[in-house]
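Thanks for coming. I will go through one chain, from its overall make-up down to single residues. Please have the viewer open.

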Amino acid sequence: MRSGSFRGRQSAVKAMAVLSLLCMAVAAMAAESTPAPVFGGWRNLQTEAGYQPAQRNLAFAMLPQAATRGDRFAILDREGKRTVCCLQVASESLGVAALREQYHLPQAGVTDLSNGRSPARPYLPHVYAMQRVDELADYVFADVAGAYSDLGGLLLPDAAALAADGTEVRVGEGQYRLQFHRQPLADDDGALDRYTLQVLPAGAPIVVEVPFGTY
């Protein structure tokens, strides 16, 4: 009887070990199948001087990977310490020719969208025309001296939330420490804004750079 009882306990332990391994495998597969949040930049631009009819408040996204029409992102209102939804992808991926010939952007704007002013250039952006929808459609930014948030900045997943003090971003179960640095460009030719999102508690940082060249 004792031998049978011992073998029974061994079988139970083995079964629990197998079940535990299966649970770990399922959790790992679920983690791999969950897409990583996408962070990018955006710019608010206008057509080249002298072009008629003049178009202003043209929003463009600068993303680290391809997107599809209808994809939605929130923008960061850095001065207001909040996120605002949404910018929605409204075009196919745009190259330099389309930015110049279809949207008639000045060369400085085209250079900004390609992140050509960045010394680090964390990624070559995928550029899309964006449509303001929902709250962002008629959102009014705070009138703060030196503020840039209405001209562009950080794009986040549409469900992202910002901590009250503006230092952390939460996307689902993920938390990111948000740091901001503005660097003037040479010859007073605008500024380069750098957003660094540090995965908490530890992980490789995500860097997004948004240039604001003068023209």
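Predicted model: local features only at pLDDT ≥ 70, side-chain atom pairs only at ≥ 80, totals over all residues.

Residues are numbered from 1 along each chain as its sequence is written, and side-chain values use heavy atoms, with hydrogens and water left out.

First, the chain as a whole. It holds 3 helices and 11 strands. Both kinds of element are DSSP runs numbered from the N terminus, helices being H or I with at least four residues and strands being E with at least two. Read from the N terminus, the order is α-β-β-β-β-α-α-β-β-β-β-β-β-β.

Of the 215 residues, 38% are buried. Buried here means under 20% relative accessible area, exposed means over 50%, and partly exposed is in between, with a 1.4 Å probe and protein chains only. The accessible surface comes to about 12100 Å², and carbon and sulfur atoms hold 55% of it; the areas are Shrake-Rupley values with a 1.4 Å probe, and for residues only the protein chains shown count as cover. As for contacts (heavy atoms within 4.5 Å), take those with a separation of 6 or more: 61% of them join residues 24 or more positions apart.

Next, the sheet. Five strands make an open, antiparallel sheet in the order β7-β8-β9-β10-β11. Its edge strands are β7, residues 161-162, and β11, residues 206-213, each pairing on one side only. Pairing requires at least two bridges found by DSSP between the two strands. β7 and β8, the latter at residues 168-171, run antiparallel and are joined by 2 bridges. In one of them, Ala 161 has Arg 170 of β8 as its partner. In general, strands of a sheet pair through backbone hydrogen bonds, either parallel or antiparallel.

Now the interior. A nonpolar core is a set of buried Ala, Val, Leu, Ile, Met, Phe, Trp, Tyr and Cys residues joined through side-chain atoms within 4.5 Å. The largest one has 17 residues, and Leu 63, Phe 73, Ile 75, Leu 87, Met 130, Leu 136 and Leu 155 have the most contacts inside it. At least two of its residues come from each of β2 (58-63), β3 (72-77), β4 and β5 (126-132). Another core lies apart from it, with 16 residues including Phe 39, Leu 154, Leu 178 and Val 210.

Leu 87 counts as buried because its relative accessible area is 0%. Beyond four places in sequence, Leu 87 touches several residues, among them Trp 42, Phe 73, Ile 75, Met 130, Leu 136 and Leu 155. Its C-alpha atom is 8.9 Å from that of Phe 60, which is 27 residues away along the chain.

Which strand holds Arg 43? It is β1, residues 40-45. Arg 43 has a relative accessible area of 5% and is therefore buried. Its side chain reaches the backbone oxygen of Pro 211 at 2.9 Å, and a polar atom of that side chain lies 3.1 Å from the backbone oxygen of Leu 151. Beyond four places in sequence, the contacts of Arg 43 include Leu 58, Asp 112, Gly 152 and Phe 212.

Last, some backbone geometry to check. The peptide bond from Cys 85 to Cys 86 is cis, with omega near 10°, and Cys 86 lies in β4. The bond from Leu 200 to Pro 201 is also cis, with omega near 5°; Pro 201 sits in the loop between β10 (190-200) and β11.

Two residues other than glycine have positive phi. Asn 57 has phi near 55° and lies in the loop between β1 and β2. Asn 57 is exposed, because its relative accessibility is 51%. Asp 134, with phi of about 55°, belongs to the loop between β5 and β6 (152-157). Asp 134 has a relative accessible area of 48%, so it counts as partly exposed.

Definitions and conventions. Polar contact = N/O pair within 3.5 Å; in protein donor to acceptor, adjacent residues only side chain to side chain.
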